[in-house]
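Keep the sequence at hand as you read.

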Amino acid sequence: MRKIKLTRANKSILLKALAPYYYQQRALGHNTEKTGRLILKINALPADKKASFSAEEIYLMRTTVNQLRNERLSKGQYTDAADDMLLKLF
């Protein structure tokens, strides 16, 4: 378990990154329970508070935020929020 402080911007970028992954897994017929619980956990957290995350949750967050960052880079869009979140996850 590791504690990470999430700002409002961090919460937003995490939810934007996790949502497409959740829907992709659901469309493929895979189990979405862990991803769904993580989304609900992040959504329920108050801004600027620390929360504990397991290694598995951190790995999932890091992977999905990196995918979102790569998509935005390929489109020439702004990536500072994703970069900030990735730094917190490493």
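Helices here, H or I of at least four residues, are DSSP runs numbered from the N terminus, as are strands, E of at least two.

Before going further, please note that this is a predicted model, in which local features need pLDDT of at least 70 and side-chain atom pairs count only at pLDDT 80 or more, while totals for chains, interfaces and linings use all residues. Residues are numbered from 1 along each chain as its sequence is written, and side-chain values use heavy atoms, with hydrogens and water left out.

Back to our pair. Helix α3 covers residues 55-75 and helix α4 residues 80-89; their axes come within 10 Å and cross at roughly 155°. The axes are lines fitted to C-alpha atoms, for helices over the stretch in contact, with angles from 0 to 180 degrees between N-to-C directions. α3 and α4 are therefore roughly antiparallel (over 145 degrees; under 35 is roughly parallel, 65 to 115 roughly perpendicular and the rest oblique). On the α3 side, I58, M61, R62, V65, N66 and R69 meet A82, D83, M85, L86 and L89 of α4, where contact means heavy atoms within 4.5 Å. By class, this contact has seven nonpolar, one polar and three charged residues (Ala, Val, Leu, Ile, Met, Phe, Trp, Tyr, Cys and Pro are nonpolar, Asp, Glu, Lys and Arg charged, and the others, Gly among them, polar).

Now turn to helix α1 (residues 8-27) and helix α2 (residues 33-44), whose axes come within 10 Å and cross at roughly 160°. This pair, too, is roughly antiparallel, and the crossing of α1 and α2 is left-handed. From α1, the residues K11, L14, L15, L18, A19, Y21 and Y22 meet T35, G36, L38, I39, I42 and N43 in α2. That contact divides into nine nonpolar, three polar and one charged.

T35, in helix α2, is buried at a relative accessible area of 6% (buried is under 20%, exposed over 50%, partly exposed in between, with a 1.4 Å probe and protein chains only). Leaving out residues up to four places away in sequence, T35 touches L18, Y21, Y22 and L60. T64 sits in helix α3 and is buried at 1%; with the sequence limit of up to four places again applied, T64 touches A17, L18 and Y21.

Finally, how many aromatic pairs are there? The count is one, for rings of Phe, Tyr and Trp (its six-membered ring) with centres within 6.5 Å; planes under 30 degrees apart are stacked, over 60 edge-to-face and the rest tilted. Y22 and Y23 form this edge-to-face pair, 5.3 Å centre to centre with 80° between the planes. Y22 is buried at 18% relative accessible area, whereas Y23 is partly exposed at 49%.

Terms used. Left-handed = near helix turned anticlockwise from the far one by under 90°.
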